[in-house]
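Keep the viewer open as you read.

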Amino acid sequence: QKRARAGEGGTRTPEHSRVQGQVASVKVLVTGFKPFGGETVNPSSTVLPYLQARFPQIHTRVLPVEFERSWFELQFELERYTPDVVLCLGEAGGRSSISLEHAALNWADARIPDNSGQRPRDVKLLEFGPNALFSTLPLRALESRLKSLELPVEISYSAGTYVCNALFYRLLDALEGHNVRAGFIHLPYLPEQTQNKPGKPGLTLEHTVWALEEVVKTCLELG
């Protein structure tokens, strides 16, 4: 599958320029995580400089893999940047597709300690919160766009019970009632991470970045 070169697509019209201006005014916050679980890289943070270079309206932040601090730092960015779209990215080693997460559970059950040593087991994230909250990203449109480009994608119904899910749930809870699209996307390992993991799938950095560029473009186009 070949990528179209920048500038292809025909003559720019006044209407096109107006729409482009509206798209440019949409503020997007994209977060990734630091490495964890013995890894030296995390695809969710590796992709951030590429996305920021591609889209001037993107603001990025690398978060710690910690239940409490990750949310504290994301809250800070939400208040400081007031985004229209929030895309949180994380690593899901073992998955072969870009996973568009549908639901966040009000539950923490950590298989391993986070990077601060915290390991909550079988506890609610918010005592009086609903059992689940749901992504406000246009998941079917995103899935359709990536499939049309033959990029590996799935809508996932489990974001796990680790830091990714906790951040996702708290984000959706905080934004409830606000006109902000928000969701979580899990990424496969990069090929370099699978070299000592026989049978584990990976996705190249080029294809991962390409898929996320298409996600951002779709969110910008839909407003």
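## Salt bridges

There are 14 salt bridges, each a side-chain nitrogen of Lys or Arg within 4 Å of a carboxyl oxygen of Asp or Glu. One of them pairs Glu77 with Arg61, whose closest N and O atoms are 2.3 Å apart. Glu77 sits in helix α4 (residues 67-81) and Arg61 in strand β2 (residues 58-63), so this pair ties together parts 16 residues apart in sequence; helices (H or I, at least four residues) and strands (E, at least two) are DSSP runs, numbered from the N terminus. Glu77 is buried at 1% relative accessible area, while Arg61 is partly exposed at 23%. Here buried means under 20%, exposed over 50% and partly exposed in between (1.4 Å probe, protein chains only).

Glu143 and Arg140 also meet in a salt bridge (3.0 Å, N to O). They are three residues apart in helix α5 (residues 139-148), about one helical turn. Glu143 is buried at 12%, whereas Arg140 is exposed at 53%. Elsewhere, salt bridges with shared partners join Arg61, Glu66, Arg69, Glu73, Glu77 and Arg80 into one network.

## Cysteines

The disulfide count is zero, using a cut-off of 2.5 Å between cysteine sulfur atoms. For Cys164, the nearest cysteine sulfur is that of Cys88, 9.2 Å away. Cys164 is buried at 9% relative accessibility, and Cys219 is buried at 2%.

## About the model

This is a predicted model: local features need pLDDT of at least 70 and side-chain atom pairs pLDDT 80 or more, while totals for chains, interfaces and linings use all residues. Residues are numbered from 1 along each chain as its sequence is written, and side-chain values use heavy atoms, leaving out hydrogens and water.
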